[in-house]
Amino acid sequence: MPNLAVVFSPECLTELFPPERTDAFFDALFGGAEEGAYNIRLALTRATDRRLDFAFELHQRGNACLACNLTHGLPQVFARHPVIGAASLAARLAALAGWPEGAHHWELERTEELSDALHVVPFIITRTD
């Protein structure tokens, strides 16, 4: 099994989920990237041979309000939104972990408020074979 902390380095995750996706997401959602209250970043939180725990980190933009009412419905939005591409992202992450093609299940858990300036949406990928 590869060292998953090395495989899923910050550089790798930035390449898989580049900062430009935040602007594209808000452009599609609101018709303008400047309307977004946060930047989205993909981060690894834990990895085992059967489960990968990532998080979509929502970092407050400038003086924008990162209120929980803006972020608590995001798991459902992220699951379906083509700019986020959660299903294809999960497949790419599972492949990088060395898992067999299609042998995974993914889910987005409830938004967690870590601070006024940082909320996270847990992104869990489980091996199913």
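In the protein chain, 62% of the contacts with a separation of 6 or more join residues 24 or more positions apart, where a contact means heavy atoms within 4.5 Å. Keep in mind that this is a predicted model, in which local features need pLDDT of at least 70, side-chain atom pairs count only at pLDDT 80 or more, and totals for chains, interfaces and linings use all residues. Residues are numbered from 1 along each chain as its sequence is written, and side-chain values use heavy atoms, with hydrogens and water left out.

Now for the layout. The protein chain has six helices and five strands, and along the sequence they run α-α-α-β-β-α-α-α-β-β-β. Here helices (H or I, at least four residues) and strands (E, at least two) are DSSP runs, numbered from the N terminus. As for overall dimensions, the C-alpha atoms of the protein chain fill a box of roughly 45 × 25 × 25 Å along the principal axes.

How much of the protein chain is buried? Of its 129 residues, 42% count as buried, meaning under 20% relative accessible area with a 1.4 Å probe, protein chains only.

Ala94 sits in helix α6, which covers residues 86-96, and it is buried, with a relative accessible area of 2%. Leaving aside residues up to four places away in sequence, Ala94 touches Leu52, Trp99 and His104. Compare Ala24: Ala94 and Ala24 are 70 residues apart in sequence, and their C-alpha atoms are 24 Å apart in space.

How values were computed. Buried < 20%, exposed > 50% of the residue type's maximum accessible area, 1.4 Å probe, protein only.
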